[in-house]
Structures are given as C-alpha cells and as structure tokens.
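Please keep the sequence and the model in view while reading.

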Amino acid sequence: MNLILLGPPGAGKGTQAKLLIEHFGIPQISTGDMLRAAVKAGTEMGLKAKACMDSGALVPDEVVIGIVRDRLQEADCGKGFILDGFPRTVPQADALKSTLAELGKELQAVISLEVDIEALVERLTGRRTCRSCGKGFHLRFDPPGTAGVCDACGGELYQRDDDREETIRNRMKVYQEQTAPLVSYYQRDGLLAAIDGMQDIAVVQSDIRAALLEG
C-alpha cells in the first residue's frame, strides 16, 4: 500500500500515519522529521533547511527529492510506504511520479485531510518540545504535569521557531498557494480521497481506511 497524506501543517497527518503504520505494517516517510534530524545534527543541508523552516518557506526541491528517493529504496519500503509532508508542490509531484516509475512503484491513494485553518493555528502555537529528549506536548490538549518541564526526562520545554504564530500563518499561506493545488492534481489522476480532519482521531482513521477499501 503506497499512500500520500495531504493537509496543512497541524492537520494530523503524523497522528494518522502512525495508526496506518500499525494497521498496514509499512513505514511513514516524513520529510519534516528527516529535515529536523539534519538540522539537529548541524549538517550543511540541515543548516540550509533550518533557514527555510524558521521562516516558514519550503525547503529546496533538490534537497527534499534526494532524501525521498534514497528512502524509498530502503528495504522496509518493499511492502509499501506512507508519504507525509511530500510532495508539497506540483513540480515535486511530477518528480515523485517519475521517481516511482523508475523504482517500479506506483501510488494507490492520496488522502487529503480537510481542516479549519484557525483551529490549526491554535493547535500549532500550543505545541512544546523537550530540549533533551524531543518528546512533544501541547499546552491545551496534552499538557505536561509541571509547566515547562518534560514528563519523560525532566528536560526544559520550548516552542520551536516554526511553531510561532507568525511563522505558522506564513506556512498556511505557502500551503494554500503551493500545496493546495495538489488536491486537483491527484483528483485528475483518480487517486484523491478527501477526509474531514476535524473529527476525532479514531473517526478520521476509520474514514481513511474506508476510503482505501473503496479505492
């Protein structure tokens, strides 16, 4: 099962991907996670990516596509994969189509999580991350036992630069301008399934699985 999850930042793609991983036994390929790992490691690519991520802009295609191409060739992608955060633009979608053809793979479905933008801003600005172990919290939906302190390791919690409201609203603008056109792109290919992402997590997951069975 080869899938793409589409939706604005904070739409719940990562959460739904984890549930699909458990169900199908295939890996989630999150370019965001891979890029953040490079940022933390301080690599040359990571530093370039950080400048883009902090401003809310997209990371250059050649960096992202190279990461994805290499990842799709790893052994655990043999039974399928879930792409989360890629493609983000129509040119990236074209590049992915070419890459999959070269690797002898094809997409089965594209899930688009439809959500309310203002609700997303609240979700994202409330996120906090542990400086020590990286565990995530949310001030409203999943607060730590002690304010500012990680429940897991006692480390300091902080707000990532890309979770600040100004950056988030810029990311939403970028999404609407550059990524939203992928909805019609994959509709034309007959692969798109639109899901109401504002429902409870379990309901969203149920709707996704039902759409995959129908497809």
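## Asp-162 and its surroundings

Beyond its neighbours within four places in sequence, Asp-162 is in contact with Arg-36, Met-53, Thr-167, Ile-168 and Arg-171, where contact means heavy atoms within 4.5 Å. The model is a predicted one, in which local features need pLDDT of at least 70 and side-chain atom pairs count only at pLDDT 80 or more, while totals for chains, interfaces and linings use all residues. Residues are numbered from 1 along each chain as its sequence is written, and side-chain values use heavy atoms, with hydrogens and water left out.

Asp-162 is placed in the loop between strand 7 (157–158) and helix 7; helices (H or I, at least four residues) and strands (E, at least two) are DSSP runs, numbered from the N terminus. Because its relative accessibility is 7%, Asp-162 counts as buried; buried means under 20% relative accessible area, exposed over 50%, and partly exposed in between, using a 1.4 Å probe and protein chains only. The side chains of Asp-162 and Arg-160 are joined by a polar contact of 2.9 Å. Such a contact is a pair of N or O atoms within 3.5 Å; within protein, one must be able to donate a hydrogen and the other to accept it, and residues adjacent in sequence count only if both atoms are side-chain atoms. Asp-162 and Cys-52 are 110 residues apart in sequence, and their C-alpha atoms are 9.7 Å apart in space.

## Two threonines of helix 7

Thr-167 lies in helix 7, which covers residues 165–179, and with a relative accessible area of 10% this threonine is buried. A polar atom of the Thr-167 side chain lies 3.3 Å from the backbone oxygen of Asp-54. Not counting residues up to four places away in sequence, Thr-167 touches Met-53, Asp-54, Ser-55, Gly-56, Asp-161 and Asp-162.

Thr-179 is also placed in helix 7, and its relative accessibility of 6% is why it counts as buried. The side chain of Thr-179 has a polar atom 2.6 Å from the backbone oxygen of Arg-88, and, leaving aside neighbours within four places in sequence, Thr-179 is in contact with Pro-87, Arg-88 and Val-174.

Pro-87 itself is found in the loop between strand 3 (81–84) and helix 5 (90–103). A cis peptide bond, with omega about 0°, joins Phe-86 and Pro-87. In general, most peptide bonds are trans.

## Annotated regions

From the UniProt record, an unreviewed entry, comes the feature "domain: Adenylate kinase active site lid" at residues 127–162. UniProt positions are given in the numbering used here, feature names are shortened, and annotations may be inferred rather than shown by experiment. The span of residues 127–162 is 0% helix and 25% strand, and its end C-alpha atoms lie 10 Å apart.

The unreviewed UniProt entry also places the feature "binding site" at positions including Gly-12, Thr-15, Arg-127 and Gln-199. Gly-12 is found in the loop between strand 1 (2–6) and helix 1 (13–24), and it touches Leu-113 and Arg-123, not counting residues up to four places away in sequence. Thr-15 has its place in helix 1 and counts as partly exposed, because its relative accessibility is 37%.

## Rings and charges

The table lists charges that sit over rings, meaning that NZ of Lys or CZ of Arg is within 6 Å of the ring centre and within 35 degrees of the ring normal.

| Charged residue | Ring | Distance from ring centre |
|---|---|---|
| Arg-131 | Tyr-158 | 4.2 Å |
| Lys-135 | Phe-137 | 5.3 Å |

A search of the whole structure finds one aromatic pair. The rings of Tyr-185 and Tyr-186 have centres 4.9 Å apart and planes at 80°, so this pair is edge-to-face. Rings of Phe, Tyr and Trp (its six-membered ring) pair if their centres lie within 6.5 Å, and planes under 30 degrees apart count as stacked, over 60 as edge-to-face and the rest as tilted. Both Tyr-185 and Tyr-186 are buried.

## The chain as a whole

The chain holds nine helices and eight strands, and 44% of its 215 residues count as buried. Its C-alpha trace spans about 50 × 40 × 35 Å along the principal axes. A compact globule of 215 residues would have a radius of gyration near 17 Å, and the chain agrees with this, having 17 Å; the radius is taken over C-alpha atoms, and the globule rule is 2.2 Å times the number of residues to the power 0.38. Of the contacts in the chain with a separation of 6 or more, 72% are accounted for by residues 24 or more positions apart.
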